[in-house]
Amino acid sequence: MRNILDLKTDLLNELAGFRNGIGLQDHALDEIREWELCQSHFDSNKGVILPNPYYPKPYLYRGQNRDFGNCRANLYRYFTEPKDFRDFSESEMSYFILNESKCVFFTSLLKNHPAYRWSEKQNLYLNPMDLAQHYGVLTNYLDLTHSVDVACFFASCKYDNGNWYPMDEGEGVLYKFHLHKISNYVSRLGPVGLQTLPRPGEQKAWSYAMGAGEDFAKNQFVEKTSFKHEYKASKEIYDLFSGGDKLFPDDILAAVADEIMNSKKIDKNSLEIVLTHRGYPKDKIGEGFNMFDKLFTKYSNSKIVDNTKIHFDESKLKEVEKRWGTIGKDFYTNVGIRLVRKIK
């Protein structure tokens, strides 16, 4: 069985063959900027920085260091079959609403981050859900990437106790999504784009919205390939990203996200937003609080509180604020502009 380097070579050759087939030579890519500033699909009054369409991405990839038998979004990892929200069991409902509340709370804190505030001043659109996903908050999104190297890293390295390590035994799996075969993916699939927060851009990230119990591996456009872990091959991929440091740059947001996910305290205001979104009438919210307080206690030993006491460290926040005075100046270095004509 092949190792990760053999698989990487095959994937890169396949990608080069596709580009040559449409008449695009490798040297031409050097003259194309990787990112492009264009109008946001979600908010026409804001801009978004997306992968340049002239830099062909016929395939998207997802690497996993082991084959779990299925491939589900982390929010739905315990759902064994497709299921509608209204059919959730008591324990499933508790798990789902609890994690939706944590995601809402994360996005509320996100707005205090210097990079987020800078984006607002630049009139750039940021998708809080995409960012939550990349900082370890459970969502219904599945991470994909248009980078073969990035996918190979996640396929051949493991995360344990705060650090990444090269795999040396067992088998990994790499999923390839045939993006070029589908005509419309806007509703469920899209590029996260270059964000002022570092992780999505470094990981060349795309996100795919999944339903409860949905298995990505069964998608008709997905191809799965297994490979054998060998330490030397894994270490080469590991070193390519400095042991993961290049994909996970240090950021105070990561510490806050970890604290939220490990906390047994559920923010009351965030839960109210979730219940309202899920159709609870305003006069029934109090009943919802009582019901979910019992469910959270029963299934996760968690409690609804008015103040979780989770926040950014003020001294670290000031350090990031100071750094952004420099980082912001170079943010658009590899970004082109897509011009559009307004139809009257």
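Leucine 110 counts as buried because its relative accessibility is 0%, where buried means under 20% relative accessible area, exposed over 50% and partly exposed in between (1.4 Å probe, protein chains only). The model is predicted, so local features need pLDDT of at least 70 and side-chain atom pairs count only at pLDDT 80 or more, while totals for chains, interfaces and linings use all residues. Residues are numbered from 1 along each chain as its sequence is written, and side-chain values use heavy atoms, with hydrogens and water left out.

Leucine 110 belongs to helix 3; helices (H or I, at least four residues) and strands (E, at least two) are DSSP runs, numbered from the N terminus. Not counting residues up to four places away in sequence, leucine 110 touches Tyr116, Pro128, Leu131, Leu197 and Leu253, contact being defined as heavy atoms within 4.5 Å. The C-alpha atom of leucine 110 is separated by 32 Å from that of phenylalanine 68, 42 residues apart along the chain.

Leu253, one of the residues touched by leucine 110, is among the buried residues of helix 9 (residues 252-262), together with Ile252, Ala254, Val256, Ala257 and Ile260. The N-terminal end of helix 9 is capped by aspartate 251, a side-chain oxygen of which lies 2.9 Å from the backbone nitrogen of leucine 253.

Serine 119, in helix 4 (residues 114-121), is likewise buried, with a relative accessible area of 0%. Apart from residues up to four places away in sequence, serine 119 touches Leu124, Leu126 and Thr196.

## Helix 1

Helix 1 (residues 4-21) has 18 residues, which at 1.5 Å a residue should span 26 Å, and its end C-alpha atoms are 26 Å apart, in agreement. The expected span is 1.5 Å times one less than the number of residues. The buried residues of helix 1 are Ile4, Leu7, Lys8, Leu11, Leu15 and Arg19. Seen down the helix axis, these buried residues fall within an arc of 110°, so they line one face of helix 1; the arc is that of the directions from the helix axis to the C-beta atoms. An α-helix has 3.6 residues a turn, so residues three or four places apart point the same way. The face turned away from the buried side of helix 1 carries the exposed residues Asn13 and Gly21. At the start of helix 1, a side-chain oxygen of asparagine 3 reaches to within 2.9 Å of the backbone nitrogen of leucine 5.

## Salt bridges

A salt bridge is a side-chain nitrogen of Lys or Arg within 4 Å of a carboxyl oxygen of Asp or Glu. By this rule the count comes to 15 salt bridges. Three of these pairs are tabulated below.

| Glutamate 14 | Lysine 176 | 2.7 Å |

Salt bridges that share partners join Glu14, Lys176 and Glu223 into one network. Within the pair of glutamate 14 and lysine 176, glutamate 14 lies in helix 1 and lysine 176 in strand 7 (residues 171-178), so the pair ties together parts that are 162 residues apart in sequence. Glutamate 14 is partly exposed at 27% relative accessible area, whereas lysine 176 counts as buried at 7%.

Glutamate 120 is partly exposed, with a relative accessible area of 39%. In the remaining tabulated pair, arginine 86 counts as exposed at 73% relative accessibility, and aspartate 84 is partly exposed with a relative accessible area of 34%.

## Arginine 72

Arginine 72 is found in the loop between strand 3 (59-64) and helix 3 (90-110). Arginine 72 is buried yet has no salt bridge, the nearest side chain of opposite charge being aspartate 215 at 5.1 Å; for charge, Lys and Arg count as positive and Asp and Glu as negative, with His and the chain ends not counted. The side chain of arginine 72 does make a polar contact with the side chain of asparagine 70 (3.4 Å). A polar contact is a pair of N or O atoms within 3.5 Å; within protein, one must be able to donate a hydrogen and the other to accept it, and residues adjacent in sequence count only if both atoms are side-chain atoms. Beyond its neighbours within four places in sequence, arginine 72 is in contact with residues including Phe79, Leu142, Met210 and Asp215.
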